Amino acid sequence: MQEINIIEAVRQAMYEEMDRDDTVFILGEDIGVRGGVFLATDGFLESFGAGRVIDTPISESAIAGIALGAAMQGMRPIVEIEFADFMWPVFNQILGEAARIRYGTEGKLQAPLVLRAPYGGGIRGGLYHSQSPEAYFAHTPGLKVVAPATPFDAKGLLKAAIRDNDPVIFLEHKKTYRLVKGQVPTEEYTVPIGKADVKLEGEDITIVTYGLMLHHCVEAARIVKENNISVEVIDLRTLRPIDHKTLVTSVMKTGKVLIVHEDTQALGIGAEVSAILAEEVFDYLDAPIRRLAGPEVPAMPFSPTLEGEFMIVSQDIVNALAHLSEY
Amino acid sequence: MSKKQSNNKPDVGVIPADTLLEVYKTMVQSRFLDERVWQLNRQGRAALVASSQGHEAVQITSVFALQKGNDLFYTYYRDLAVMVALGVTPRQIMLGYMAKSGEPMSGARQFPTQGAMPNLGLINLSNVVATQLPQAVGAALGCVQKKSNAVVAVYFGDGASSTGDCHEAMNFASIHQLPVIFICENNGYAISVPLSKQMAIKKISVRAASYNMPGITIDGTDVGAVFKSVSEAADRARSGNGPTLIEAMVERYLPHTGDDDDKRYRSKEELKQARKKDPVAILKVLLKTNNILNEETDAEINKIAKEKIDDATEYGESAPYPDAGTFYDHVYS
Amino acid sequence: MEIVLPQLAESITEAIIGKWLAVEGQEIDKYQPLVEVITDKVNVEMPSPVSGRLVKIIAAEGETILVGSVLADIKTSEEGKGKLQSPPPSSNLDTLGGFISGAPPVGPTGAANVPQNDESKKSTVAQDASEKTAKLKLSPAVKKLVEKHNVDVGELSGTGKFGRVTRKDVQLYLHSTQGTNLDETDDNDTKIRMDPIRKITAKNMSLSAAEIPDAWLTIEADITDLVLLRQSIKQSFYSSNSFHITYLAFAVYAACKAIQTHPVINASFKNDEIVLHADLNIGIAVAGPSGLIVPVIKNVVDKSITSIAHEIDRLIDKVNSGKLTHSDVTHGTFTVNNTGALGSNLSIPIIVPGQASILTTELVTKKPVVVQADVNRASTQTVLDGEHAIEIRSMMNLCLSFDHRIMDGVEAAGFLNDVKQNMESFSSGTSLV
C-alpha cells in the first residue's frame with residue numbers, strides 16, 4: 001500500500017492506463033509541457049511523447065468534438081478540461097453527440113472517451129473556478145458520471161473509466177487534490193463504476209454524499225458518535241448510474257436520511273436521491289428526507305466571507321444530524 | 001496597413017507631449033500597483049493576481065486614443081492597466097485584490113478587477129476566455145441601434161483567438177460593419193501553451209482577411225504605434241466603416257497568475273530577453289530623449305505613485321469583508 | 001476567541017496600544033472599533049473581527065506588542081453553545097483517507113502556495129415543515145410496524161420531537177415481547193389477522209414486559225394426598241354439585257389463604273407507590289375459543305373451596321358460550337394459571353399489568369421421591385436405609401412471577417412456600433365447604 005493524495009492518484013491512474021494501452025491518449029490545455037495546471041499529467045510528455053500528450057489551443061468545444069471523433073475510430077482519448085467552469089462549451093459535443101452515438105447507430109459506433117475536470121470550491125476560486133457541473137451531465141442517459149472522494153476510489157475509478165466503452169465524465173474536487181490523502185494499493189486494481197460505497201457503518205441515520213463533502217460527513221459522523229448518534233455514511237462515487245440498492249438497504253436499516261452535497265440544492269443530485277428513496281423505501285422512513293446542499297445563487301463568490309456562506313463545513317453537518325436525530 | 005512599426009523610433013509626433021506624459025504617469029502608477037499586488041499575493045494577503053506587466057503600453061495608450069465616458073471597454077483578466085487608465089482608483093483596485101466590502105466592480109464576488117463599472121464604460125465579466133468577444137459585438141450592435149457614435153474596444157489575448165466565440169464574433173461584426181476594435185494582446189502564451197501550438201499562422205492579424213476586415217500587427221510596447229492604430233480604427237468605426245483587428249505584440253514576463261510556475265515551460269534566458277520589452281522603461285527612455293521627462297520629474301512621478309499605492313494598501317487592509325447577509329442579494333431583479 | 005494584532009502595513013513588526021475603545025464586559029459588534037493602535041507608519045482604529053462580549057483586555061494602553069500577539073479575548077456566541085469538539089485526527093489513514101494538515105492548498109487558478117481562507121460558519125439548520133404535526137402523524141416506518149404487529153400506539157409514549165412516536169419507540173416496545181428482527185419481511189410468510197382478543201392480549205403482554213421488572217421462582221409441592229382426595233370425591237362431588245372439583249379450585253384457595261399472610265402479593269405498583277388492595281379478586285387464565293382470557297373470581301377470601309370451584313365452572317361456561325361480561329374480566333388483583341393442564345412442567349408466566357404477581361400450577365406427575373421411611377406405608381415404600389425410602393409421589397411444580405419493584409425474593413418465596421404448604425395439606429380430612 002502507498003499513502004498518496006488525490007492528484008497523485010489521478011496521475012497514476014492515467015499513467016498506468018496510457019502505459020498499458022496504446023490507444024489511450026490525452027489532450028487538453030497546458031497538459032503537456034506544463035504537466036497540467038494541477039500537475040495531473042506531470043512527466044507524461046517525456047514518457048509518452050507529443051503524439052499522445054497534446055497541448056491544445058483554447059477551444060473546449062473543439063477538443064470535445066475532436067476527442068469524440070478519435071474515440072469513434074477506436075481510440076480512447078482522455079480530455080482534460082482545465083476547470084469544470086469551462087465545460088459548458090462541451091455540452092454540444094458531449095450531451096448532444098457523444099451520449100447518443102451508440103444509441104443512434106444501434107451500437108455500430110461507440111464513444112469510449114473520458115472527460116475529466118477539476119470542480120468544486122472552497123479555494124477562493126470565485127464565480128469561475130468553483131462550480132459543480134455534475135447535475136447537468138448526470139441528467140443525460142448515455143453518459144456515465146463519476147465523482148470520487150478518496151485516493152483509493154479516484155485511482156480505481158479513473159482506470160475503470162478509461163477502460164469503459166461509454167463516455168465517462170470524471171469529476172475531481174480540486175480542494176481534495178492535496179488536502180485528502182489515503183491508502184492506495186500498489187498492485188493493479190479497479191473500482192467498479194455504478195457502485196456506491198458505505199464508508200462508515202451506522203444504525204440511526206444514513207448520510208448520502210459525494211466529493212469533498214464525503215470527508216466532512218465522516219468528520220461530522222465521528223463527532224456525533226460521541227453523543228450516541230450512529231451515522232452510516234454512503235459515498236455515491238458514481239452519480240450516473242446511481243446505486244439504488246446500497247441506498248435502499250441502508251435506509252431500510254436507519255429510517256432517516258441526510259443528503260449532503262456542495263452543488264446547488266434545487267434540481268441537484270440530492271433531488272434525484274430523494275425521489276429514489278421516497279419511491280423505494282417510503283415504508284421505512286421515520287423522518288422526512290433531508291438535504292443539506294448549496295444555496296440558490298448562480299455561483300460561488302470570491303470574498304472569503306461570501307464563500308464561507310456558500311461552503312458547507314463539518315459543523316453544518318453536525319447540526320443537521322443532531323436535528324434529524326431529535327425528530 | 002500590416003506593416004510592423006520599427007522598434008527603435010516610436011512615432012512621437014502622433015501623440016501630443018502632455019498626453020504622452022499622462023500616459024507615462026498612468027503607466028508608472030499601474031506598474032507600482034501591479035508590483036504591489038504581486039507582493040501581497042506572495043505574502044498571502046491577496047488570493048489571486050494576474051499581472052499586466054509588459055502589456056501597459058497597449059492597454060493604457062489605447063484608452064487615451066479613445067473617448068473615456070463615451071466608448072465601451074470590454075476587457076479580460078489581464079487588463080489591469082486598462083482599468084487604471086479608465087480611472088479605477090488604486091483604492092478601488094485594492095479592495096478587489098483583498099476581496100473587501102465596497103469593491104466597486106462586483107462587491108468582491110468576482111476575482112479582482114472582474115465585474116463592471118458602467119459609468120466608466122468598463123466591462124470585465126468573465127474568466128471564461130473569449131466570452132467577452134460576442135458580447136462586445138452585441139454591445140456595438142446596441143450602439144448602432146441607439147444611434148450612438150460610441151466605439152466598442154474589446155481586449156483579448158492570443159489564447160482567446162482560438163475559440164469559436166472569437167471567430168463567431170469577428171464574423172458577425174464584419175458582416176454588419178459594427179463599430180468594434182478587436183485589440184489582441186499577443187504575448188505568445190496561453191498560460192503555458194506557446195503560439196506554435198495554438199495556430200499554424202505566425203500572426204493573428206492575417207485572420208482579419210477571412211472577415212474582410214482590416215488587420216494590423218504592431219509592436220505593443222510602442223506607444224506611438226498603439227495610439228495611431230487605435231485612433232485610425234476608432235475613426236473607421238465611428239464613420240460606419242466597420243471593425244478592425246489590431247494585434248499588439250507584447251511580452252508577459254511574469255507567470256500566468258500567482259498560481260503558475262513558468263519555470264516549467266520557459267527558460268531563464270527566454271524570460272531575461274522578455275524583460276527587455278518593458279514598456280515603462282521604453283517610454284521613459286523616449287520621454288527623456290525628447291526632454292519631456294528628467295530624473296527629478298520622474299522621481300516625483302514615482303513618489304506620488306508609491307504614496308498612492310501605499311495609501312491604497314492600508315485602505316484595503318483596514319476595510320471590512322462583505323457582510324455575509326448580502327449573500328443572496330441580486331440573484332433576481 | 002483571541003484577538004491578535006494583525007500586520008497593519010508592510011514591514012510593521014510591532015505597535016503601541018493606544019486608547020481602548022471598549023471596556024471589559026461590553027458587547028461588541030463585528031467591525032466595531034476596538035482599540036487604537038499606533039505605529040511609526042500608521043495609526044489605526046482596529047475593528048473587531050467578530051461579534052461577542054469583550055471578556056478580557058490583555059494588551060494594556062501604552063504597551064508595545066508584536067504583530068501576532070494577543071490583544072484581547074472576545075467570547076463569541078458560538079463559543080457559548082457548547083460546540084461539539086472534533087475528535088483528534090487519526091494518524092493512520094486507511095483507504096477512506098481523510099484531510100491532512102499542513103497540505104499546501106491549491107490556488108484558485110492552479111496548484112500553488114496560497115493561504116487558505118477561514119471557513120466561516122453559516123447557520124443551516126434545516127426546517128422541519130411537519131414539526132408541529134409530527135406528534136399526531138405516524139411516519140411510514142411507524143405505520144408499517146404498528147400494523148404488522150398490531151400495536152396500540154395510544155399506549156406508547158413517543159421519544160421523538162414533540163412526543164412523536166418514533167420507529168425506535170415501536171421497535172423497543174415490540175422487542176420486549178418478542179425479540180424478533182421486526183424489519184425483515186419474507187414474502188413466503190403467512191399473515192394472520194388479529195382479532196380483538198388477540199390484540200388485547202398482545203397489548204397487555206407487551207405492556208407488562210415493557211414496564212414490570214419481573215423475577216421468578218419455582219417450588220415443588222407434594223400433593224399426593226390431594227390427588228388421593230380428589231380421586232375419592234370426584235364422582236360424588238359432581239353428582240351433588242353438577243360441577244367439577246379441580247386442582248385449580250384448590251390452588252386458588254391455597255393462594256388465597258397464603259395471600260392473607262402475605263398481603264404484598266395482593267398489590268399494585270402505581271405512580272411510584274405500592275398500593276395494597278383491600279379486596280382479593282383472583283383471575284384464572286382460561287383458554288377460550290377466541291384465545292386467552294382471564295375471568296376474575298371476586299372476593300375470594302370469603303369463599304370455600306366448593307364455591308370457588310363453582311365460580312370457576314360458571315366463568316368457564318361463560319367463556320365458552322361467549323357470555324362473559326366486562327365486569328367478569330376486570331378488577332383482578334392476582335392471577336392463577338393452570339398451565340399444567342397444557343402439559344407444562346415449568347412456566348414463567350407474564351404478570352398481568354396492574355398486578356404484583358402470578359401463580360402457575362404445573363402438571364401433576366408421579367415421581368420417585370426420597371421420603372421419610374414410615375412403617376405405616378411399607379407397602380408403597382422401598383426402604384433404602386433406616387431413615388430414607390423411595391416412594392412414588394404425585395408432584396406438582398408451582399411457579400411464581402413477581403414484580404420486583406413491589407417485593408423481593410424473600411416475600412415471594414415466603415408466599416410460595418405457604419401455597420406449597422397449603423397444597424400439601426389438602427387431604428381426606430379437608431373440608432370443602
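Which residues does A:Asp153 touch, not counting residues up to four places away in sequence? This tour of a predicted model, in which local features need pLDDT of at least 70, begins there, with residues numbered from 1 along each chain and chains lettered from A. Side-chain atom pairs count only at pLDDT 80 or more, and side-chain values use heavy atoms, without hydrogens and water.

**First stop: A:Asp153.** Select A:Asp153, which lies in helix α7 of chain A; helices are DSSP runs of H or I with at least four residues, numbered from the N terminus. A:Asp153 touches A:Pro148, A:Leu158, A:Val191, A:Lys199, A:Asp235 and A:Arg237, where contact means heavy atoms within 4.5 Å. Its relative accessibility is 1%, so A:Asp153 counts as buried (under 20% relative accessible area, with a 1.4 Å probe and protein chains only).

**Second stop: two helices.** Two packed helices are described by the angle between their axes and the distance between the axes. Select residues 6-20 (α1) and 151-163 (α7) of chain A: their axes come within 8 Å and cross at roughly 30°. The helices α1(A) and α7(A) are therefore roughly parallel to each other, a term for angles under 35 degrees. Residues making this contact include A:Ile6 and A:Ala13 of α1(A), and A:Leu158 and A:Ile162 of α7(A). The contact residues divide into nine nonpolar, one polar and six charged.

Now select chain C, which has nine helices and 22 strands; strands are DSSP runs of E with at least two residues. Of its 433 residues, 42% are buried.

Note on methods
Buried means under 20% relative accessible area, exposed over 50%, partly exposed in between (1.4 Å probe, protein chains only). Axes are lines fitted to C-alpha atoms, for helices over the stretch in contact, and angles run from 0 to 180 degrees between N-to-C directions. Angles under 35 degrees count as roughly parallel, over 145 as roughly antiparallel, 65 to 115 as roughly perpendicular and the rest as oblique. Ala, Val, Leu, Ile, Met, Phe, Trp, Tyr, Cys and Pro count as nonpolar, Asp, Glu, Lys and Arg as charged, and the others, Gly among them, as polar.
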